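Dear colleague,

I am passing on the structure below, together with an account of what came out of going through it. Please read the account with the structure open beside you.

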Amino acid sequence: MTAPSAPPPAASVSMAVRIGSLELRNPILTASGTYGLGYEFARLADLSKIGGVVGKTVTMTPRIGNPPPRTFETAGGMLNSIGLMNPGWDGFVRDTLPRIRELPCPFILNVAGKSEDEFVELTRRAGELVGIAALELNLSCPNVAGGLDFSAKPELTERIVARCRAVYPLPIFAKLSPNVGDIVAIAQAAERGGADALSCVNTYLGTAIDWRRAKTIFPRGIAGLSGPAIKPMALLATMRVAAAVKIPVVGIGGIAKADDVLEYLVAGATAVQIGTACFWDPGHPVRLAADVETAVRTAGICDVQTLIGTVQPSPAPAANPAPAPGSCNVGGTNPR
Ligand code: SIN
């Protein structure tokens, strides 16, 4: 029997994906907090080659962030405890918005409020700005007091998203926490509230300890884990959420290679965000976009969107034949 031959490479490939009214030239976005506000990297990477930039969270008032250290490398990942350092709304609008308008890709503004009302007010203000393509509500920061509360209870998530929806005309992404009992229930609540997309997921709670001093590395004790170490868990969360909602899901967590991106798309993500890998190399998202296109073309796929949500459970292996009488085969196909 001859092996099935590989499909011929596609002559042309469409990499564009859509999130609500937002058209992205490809599914690669940078994750909030890992790529500044984008313009800082515009001389290091050709940002016209990626789908877009999600900016570092902007809050109502300036925040100096948590005391150092704020990052810590772990096996296969990184812990951060930044604490939403940012110049606040007025500083953002005055100093950085004009530079964001020059970006050659869509800019998605990420905001976090200290309260429900603050989320709504930030969203209302965002609706008045020119140069913002969409909004991401950071409902899930683990590094500030109360930051996780907004994506911990379905009723609250739904209400915040609904109130923000009512004052903002462009797409809204709700960024979810994995540190909850049932992320699917929170995702469905955000969908009911009117979110256009779900960013899935923020960092996993973690810590690091210096045993010689018997002290946590981070003064706050708790930090957020990202990077390849979280990929299997974040991929599962993405797959479960995507199966339970109708709106697009944006996968986040440990994405570094083209295969990672394509696994997330097959799991149901419409786009992905690249986070920790941006710290290794600010050019990484651009190279990844090219690598994903090459992989899609090589697989003979003409439109990347046809991959989204196609995952199926692997068929169970055929039942093992009964062991021959007297044989030592105790199960499986590996005689011991
Ligand atoms: C931070 O600024 O502490 C990280 C932001 C986040 O995890 O949402």
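Predicted model: local features only at pLDDT ≥ 70, side-chain atom pairs only at ≥ 80, totals over all residues.

The crossing in which α4 passes α5 is right-handed. On the α4 side the contact is made by I183, V184, A187, Q188 and E191, and on the α5 side by A237, R240, V241 and A244. Sorted by class, the residues of this contact of α4 with α5 comprise six nonpolar, one polar and two charged.

Helix α4 also packs against helix α3 (residues 154–165), here at an angle of about 25 degrees and with the axes 7 Å apart, which makes α3 roughly parallel to α4. As α3 passes α4, the crossing is right-handed. From α3, the residues P154, T157, E158, V161, A162 and R165 meet A185, I186, A189, A190, R192 and G193 of α4, and this contact of α3 with α4 has seven nonpolar, two polar and three charged residues.

Helix α5, in turn, has a contact with helix α6 (residues 258–267), where the axes come within 8 Å and cross at roughly 25 degrees, and α5 and α6 are therefore roughly parallel to each other. In this pair K231, A234, L235, T238, M239 and A242 of α5 meet D260, E263, Y264 and A267 of α6; the residues of the contact divide into six nonpolar, one polar and three charged.

Turning to the ligand, the residues around it are K56, N80, I82, G83, L84, N138, C141, P142, N143 and N202. Among them, I82 has a polar backbone atom 3.4 Å from an oxygen atom of the ligand, while a backbone N or O atom of L84 lies 2.8 Å from an oxygen atom of the ligand. In the case of N138 a polar side-chain atom is involved, and it lies 2.8 Å from an oxygen atom of the ligand.

How values were computed
Residues numbered from 1 in each chain as written. Heavy atoms only, no water. Left-handed = near helix turned anticlockwise from the far one by under 90°. Helix = DSSP H or I, 4+ residues; strand = E, 2+ residues; numbered from the N terminus. Contact = heavy atoms within 4.5 Å. Nonpolar A, V, L, I, M, F, W, Y, C, P; charged D, E, K, R; others polar. Near = heavy atom within 4 Å. Polar contact = N/O pair within 3.5 Å; in protein donor to acceptor, adjacent residues only side chain to side chain. Axes fitted to C-alpha atoms, helices over the stretch in contact; angles between N-to-C directions. Parallel < 35°, antiparallel > 145°, perpendicular 65-115°, else oblique.
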